[in-house]
Amino acid sequence: MAPKQGPLDEVIRKRLLIDGNDAGDDRRINLLVKSFIKWCNSGSQEEGYSQYQRMLSTLSQCEFSMGKTLLIYDMNLREMENYEKIYKEIECSIAGAHEKIAECKKQILQAKRIQKNHEEYGVLAKVIQHHPDRHETLKKLDAMGKELEHLSHIKESVEYKLELRQKQFHVLLSTIHELQQILENDKKLSELEEAQETSMDTDPKP
Amino acid sequence: MERAVPPTVPLGQMEVFQALQRLHMTIFSQCFSPCGKFLAAGNNYGQIAIFSLSAALSSEAKEESKKPIVTFQAHDGPVYSMVSTDRHLFSAGDGEVKAWLWAEILKKGCKELWCRQPPYRTSLEVPEINALLLVPKENSLILAGGDCQLHTMDLETGTFTRALRGHTDYIHCLALRDRNPEVLSGGEDGTVRLWDLRMAKEVQTIEVYKHEECSRPHNGRWIGCLATDSDWMVCGGGPALTLWHLRSSTPTTIFPMWAPQKHVTFYQDLILSAGQGPCVNQWQLSGELKAQVPGSSPGLLSLSLNQQPAAPECKVLTAAGNSCRVDVFTNLGYRAFSLSF
C-alpha cells in the first residue's frame, strides 16, 4: 500500500499546507491567473477595462487576506510569549508551594511533639492527683506526732504512779510481816514464860 | 501463583502444595533494608522473602511488583526475629542466629555469612530465639528467647560476652532504652526486667500482673510486646496494654483493648499496637483510641515502620501476621495494598 500512496500523500500535504482552512485563497489566485490570461486575450476596450477592474478587486481581496494572516501570525507569537511567561510564573509558584509544604511538615512534627509532651504531662498529672496533697499529709503527720507525744507523757506518768504504789504496798506488806513476826515472837515468849511458871508450880517441895 | 485456572484443568500436585503452604503460613518477623527500599519478611517455614518496596510503591506497579524478588530458605525452623544493620541482616530461629549481607541477598546470592549459637546450659537445649536487639553504642546484638537468658554477642569479634539471668520463664520481647544504656525484657513469667548493660545486672523488676488496674488473670500474665521511649514504656499481652512511667514504676494509662496485643511501638505522638484481630490500633497517650485500621490478616504479629532517611518516599508502615500477606500502609489511615509471599 505504501509505495503508490507516497507521492499522493506528498501532494495532499502540500495542498493542505497551502490552504488548509479553505479560505478560498488558492482558488482566488488560480482565478486571477485565468482572468489575467482572459484580459490579455480580450477584444473590446470595455471588456478589457471591466476585466482589469475585476482583476484589481481580486488582487485587493488577496492583499486583504494576506494582511489578516500576518496579523494572526503576530497575535500567535505574542500569545506564545504570554504563555511562556505564565508557565514560568506557575513553575515558580509550584516550587514555592513545595517549600511551604516542607515547612508545614516540619511544623506538624513540632506540633506533634508538643502534643505528645502535653499528653505525657496530663497522664502524669492524673497519677499525681490520685495521691493526697502533701500539705495535708504533713499536717496529719504533725497531729499524729503530737498525739504520740501526749500519749507517751500519759504513759510515763501512769508508770510512775504504778511504781509508787508498788513501793508503798511493799512497805506496807513488809511492815505487816514485821508486826506479825513481833506478835508471834511475843506469843512464843509468853507461852514459854507460862510453861516455865506451871513447871515451877508442879514442883513446889524442895 | 495466582493465575486463573480454568475449571476443567486439574491443579498439579505442586500447585496444590504451594497453595496449602500459603494458606497455613504465618509471618513472624519483618525488617527493612538499610537503603529503605526493600523489605525482608520471615515466615514459619524458615523462608525469608525480599520485597522491593520502591517497585511496589511506584506508579507503574503491577501484580508482580507485589511478589518477592527473591525467596530463600534461611532456617530449618521458623524465623522468629530479624534485625538489620548498615550492611547485614541478622535472622534468628530455633537456637541459632545467622547473618546475611544485604548486597548479596539483593543480587539473589543466598549464602549465609555465619551461623552462631549462643552458649546454652546443656548441649541438648535448642531454645528458640524470640527477640533480637541491636545496641549500636557498643556494637553488639542481644538475643533472648526460650532459655530465659539474655545473651550479648559482640558484632566485631562474634563472641558471646554476657548472659543475663533473671527471668523465670521464656522471654518474648526486648526493647532498648536510649538515654541510660538499659535493656528492657518482657517474658512469659509476667515481669518486665530492666538490665544495665555496663554493670551486667538487673536494675529493676516490674511485675505487671500484680497491679490490679492492668492485670487480666483470665488471659494469663505473659508480656507479649514491649516498647520504650526512655521515660515511658508500653507493655501488653496477657495483662491489658498499659503505659508505664519508668521512673516511678507506676501504670499511668490503661488502653481499653480486650484482645492481647502482640506488637507495640511509639510513633510521633501516637502509640501503634496490633495483636489478635485484623486491625492496627492507634492510641493517644491519654488512652483514647484515635483510629483502628483493618488489615488483611486475621491476626497481626509484627509492625514495622520504615524510617530510613535514605528513602523518604518509601516511608510506610507494614503489618504482618497470621497469613502470607504483608499489609502496606502509606498513610496511617488506610491500607494501601498487600505484598504476598
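E15(B) and E16(B) run antiparallel, and 6 bridges join them. Two strands count as a pair if DSSP finds at least two bridges between them. The model is predicted: local features need pLDDT of at least 70 and side-chain atom pairs count only at pLDDT 80 or more, while totals for chains, interfaces and linings use all residues. Residues are numbered from 1 along each chain as its sequence is written, chains are lettered from A and ligands numbered from 1 in the order in which they are written, and side-chain values use heavy atoms, with hydrogens and water left out.

- Chain A has 4 helices and 0 strands. Helices are DSSP runs of H or I with at least four residues, strands are runs of E with at least two, and both are numbered from the N terminus.
- Read from the N terminus, the order of elements in chain A is α-α-α-α.
- Chain A is more spread out than a compact globule, because its radius of gyration is 72 Å, well over the 17 Å that the globule rule gives for 206 residues. This radius is taken over C-alpha atoms, and the rule is 2.2 Å times the number of residues to the power 0.38.
- The C-alpha trace of chain A spans about 235 × 45 × 20 Å along its principal axes.

**Chain A: surface and charge**

- Of the 206 residues in chain A, 8% are buried. Buried means under 20% relative accessible area, exposed means over 50%, and partly exposed lies in between (1.4 Å probe, protein chains only).
- Chain A has an accessible surface of about 19,600 Å², and 62% of that belongs to carbon and sulfur atoms. Such areas come from the Shrake-Rupley method with a 1.4 Å probe; for residues, only the protein chains shown count as cover.
- Chain A carries 31 positive and 36 negative side chains, and the centres of the two sets lie 17 Å apart. Lys and Arg count as positive, Asp and Glu as negative; His and the chain ends are not counted. Each charge is placed at NZ of Lys, CZ of Arg, CG of Asp or CD of Glu.

- Chain B has 3 helices and 28 strands.
- The radius of gyration of chain B is 20 Å, which agrees with the value near 20 Å for a compact globule of 341 residues.
- Along its principal axes, the C-alpha trace of chain B spans about 65 × 45 × 40 Å.
- Buried residues account for 54% of the 341 residues in chain B.

- Strand E1 of chain B (residues 27–32) is mostly covered, with 5 of its 6 residues buried.
- E1(B) pairs with strand E2 (residues 38–43) in the antiparallel sense over 5 bridges.
- B:Gln30 has B:Ala41 in E2(B) as its bridge partner.
- The two strands form a hairpin with 5 residues between them, and B:Gly36 in the turn has a positive phi of about 85°.

- Over residues 164–205, chain B is 0% helix and 62% strand, and the end C-alpha atoms are 14 Å apart.
- E15(B) and E16(B) form a hairpin with 4 residues between them.
- B:Thr191 has its bridge partner in E16(B), namely B:Glu207.
- B:Ala200 sits in the loop between strand E15 (191–196) and strand E16 (201–207) of chain B. B:Ala200 has a positive phi of about 55° although it is not a glycine.
- B:Ala200 is partly exposed, with a relative accessible area of 34%.

- B:Cys148 lies in the loop between strand E10 (140–145) and strand E11 (149–154) of chain B. B:Cys148 is not a glycine, yet has a positive phi of about 65°. B:Cys148 counts as buried, at 15% relative accessibility.
- B:Glu63 lies in the loop between helix H2 (53–57) and strand E4 (70–73) of chain B. B:Glu63 is exposed, at 55% relative accessible area. B:Glu63 and B:Ser340 are 277 residues apart along the chain, and their C-alpha atoms are separated by 9.9 Å.
- B:Gly237 is in strand E18 (residues 232–237) of chain B. B:Gly237 counts as buried, at 0% relative accessibility. B:Gly237 and B:Ser215 are 22 residues apart in sequence and 9.9 Å apart in space, C-alpha to C-alpha.
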